[in-house]
Amino acid sequence: MARAFTPKVVTANDLLEGDVIYLAANDSWTRDHAEAELIEDEAHAQLRLLEAQQQALTIVGAYLADAKAGPNGPEPTHFREDFRRKGPSNYVHGKQEALANV
Amino acid sequence: MYKYNDFDTAFLAERNRQFRAQVERRIDGSLTEDEFKPLRLMNGLYLQLHAYMLRVAIPYGTLNSAQMDTLALLAEKWDKGYGHFTTRQNIQYNWPKLKDVPDMLDALGKVGMHAIQTSGNTIRNVTADHFAGAAADEVEDPRPIAELIRQWSTDHPEFQFMGRKFKIAVSGGEKDRAVLKAHDLAVRIVKNDAGETGYQILIGGGLGRTPMIGKVIHDFLPRADLLAYIEAVVSVWNQIGRRDNKYKARIKITLHEHGIEDIRARVDARFALIRPTFEGFDQALYEDIKAHFADPAFKAGPTDAFDAAYNSDPVFRAWADTNLAEHRVDGHAIATISIKKHGATPGDASADQMREMAEIAREFAYDELRISHEQNVILPHVHKNDLPAIHARLKAQGLATANIGLISDIIACPGMDYCALATARSIPVAETIATRFDDLKLEHDIGHLQIKISGCINACGHHHVGHIGILGLDRAGVENYQITLGGDATWSAAVGERAGPGFAYDEIVPAVERIVHAYLDIRQGPEETFLETYRRVGLAPFKAALYPEAQKKVA
């Protein structure tokens, strides 16, 4: 039996900056995981991934990452995606640095 | 040190011009990512978890102060103020922007450095003994051979799109400080019974998911045959190495599947074919390169200032005892600068630290620096009387940690804090182990003990050959760490033995502590190192210490 589909977000890296980005429901790319579109349907997920992959001038390496609904929007379920969302744990660099400077 | 000639400079400028145009074509859409990726990789540019990463080669770990200053400039101008020295004598920048990379490469080009073939399925940066040219036990300086190999392998038309990467190391010391037996091909400089210098060739070593110890394919080659022989080895592997499965593509698998006799026969046949085409140009080039590596004008003079500081300053004495190695010239020492301050990221140096090391090299150390595969920086030639002043300067920059070869001198790959391939973090594990044993004040009592940590099975952190190896994995969505014991990265190389089930992130440091306490309990005295104890008693007592619950069940 095929494994049950779990909710996903489309994520990639920005072509110029290289940082982690997520596809939002309005087709824009966001740096905030909570603003990503949480995709609960498998066919829709594949479609959104294809749409993302076509944007070769904006992004690199789009893929579907597991996520779950949270109080403020989608949250990662795996520690790898959590690190991608936040940044490295040895310095306050990456997304956490950007957030601290807001 | 090797200085680029007009050809080298023009070659690199042209290559950088090409890459700049490739980046522009990627950005304007003329190149797809699939087309661009092999091009950027061949120029050292990766895309990691949070950003691009530029891996710059420090060929055979040798650099001068101007080059170190440029590494600092890159860190400050285009990155976040630091760089990460790797286990293959490279430096990695974790935060460059795609548009800036061509400028970074041009800046490197001005001081004769590049990022060519630091990635991709090519012959990678040639590594060497980090004490090359200085060690008391050296047969011959390995750097001229390493430079010859660098020039030969750079843009070698036959070896640009191989089945997999190919790593070469060269060492000329009696002791192996370059992990020769873990390389695809290693050149070991030796003397025969007649007192002649020659080259022993090993192939098929490697770590990764299938760790193998290299085997000798040729005992003694004269210099005139060396380059042709290496070319024959790479050529044979490039033809018969597997391309159906990237995990079986490295030469260690080819060797394992064909056997050393078969490979040797194929290499001999290939060598016979190509040797006549090496008509002596390589030998002339070698002589030219060798002249670049002439000794500096070593200072003479007393070592009274060193002796006075050694006898009066316990902090200096502790540093001298752990961080200095024997130099071949009287009155001199090799000083290793620890890039492993307790609690800091192994191998990370700030721009300020790099500048200070460059300045020290300029003032005191004949303008020479080395990077070790153990992720430290070395001043290869220092007159002993300059060491107290050097130590004071290092201390002011947080660079005077006295821990070389000790438990906190940990090799750690970037792991999941940066690397897209990683399955778990390495850096915080290394930081916590170092801090813990520093708090316990046990480090110097424990003595020589190498911990090596990798954040995935690709083993960039050399965990297989650590006395204590730690491998971070993803077990059902949680970080989990496997321990191996008894690995050895020297000429008596051995792959560590897996101790048993893995440990969770918050259990791994206590587990290492239990191993170390077991060692302190069972060693025959402070002279018996961890590895010697392990070889004497085997895995069992350490396993008992690691898994006390399992022991209770058995009892």
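How many residues of chain A are in contact with chain B, and how many of chain B with chain A? This is a predicted model, in which local features need pLDDT of at least 70 and side-chain atom pairs count only at pLDDT 80 or more, while totals for chains, interfaces and linings use all residues. Residues are numbered from 1 along each chain as its sequence is written, and chains are lettered from A and ligands numbered from 1 in the order in which they are written.

The count is 22 residues of chain A against 22 residues of chain B, with contact taken as C-beta atoms, placed from the backbone, within 7 Å. On the chain A side, the elements that give two or more residues are strand S4 (59–70) and helix H2 (79–86); helices (H or I, at least four residues) and strands (E, at least two) are DSSP runs, numbered from the N terminus. H2(A) brings the largest share, four residues. By type, this side of chain A splits into nine nonpolar, nine polar and four charged residues. Here Ala, Val, Leu, Ile, Met, Phe, Trp, Tyr, Cys and Pro count as nonpolar, Asp, Glu, Lys and Arg as charged, and the others, Gly among them, as polar.

Turning to chain B, the domain assignment, whose bounds come from an automatic or database source, gives domain 1 (6–110), domain 2 (142–292), domain 3 (304–396) and domain 4 (411–554). The C-alpha centres of domains 1 and 4 of chain B sit 34 Å apart, yet eight residues of domain 1 are in contact with eight of domain 4. The domain 1 side of that contact has three nonpolar, five polar and no charged residues.

Helix H5 (residues 143–153) of chain B is largely enclosed by the rest of the structure, because 10 of its 11 residues are buried, meaning that 20 or more other C-beta atoms, placed from the backbone, lie within 10 Å of a residue's own. Its buried residues, including Ile145(B) and Leu148(B), pack against strands S3 (62–64), S6 (127–128), S7 (168–171) and S8 (185–191) and helices H6 (223–240) and H9 (281–292) of chain B. Just past H5(B), Asp155(B) adopts a positive phi of about 60°.

Strand S2 (residues 52–57) of chain B has six of its six residues buried, so it too is largely enclosed by the rest of the structure. Tyr52(B), Leu54(B) and Val56(B) line up on one side, with Met53(B), Arg55(B) and Ala57(B) on the other. S2(B) pairs antiparallel with S1 (residues 45–47) of chain B over three bridges, pairing requiring at least two DSSP bridges, and a four-residue hairpin connects them. Tyr46(B) has Met53(B) as its bridge partner. Four bridges also join S2(B) to the antiparallel S5 (residues 90–93) of chain B, where Tyr93(B) stands opposite Leu54(B).

Notes: Two residues are in contact if their C-beta atoms, placed from the backbone, lie within 7 Å. A residue is buried if 20 or more other C-beta atoms lie within 10 Å of its own, exposed if 12 or fewer, and partly exposed in between; C-beta atoms are placed from the backbone.
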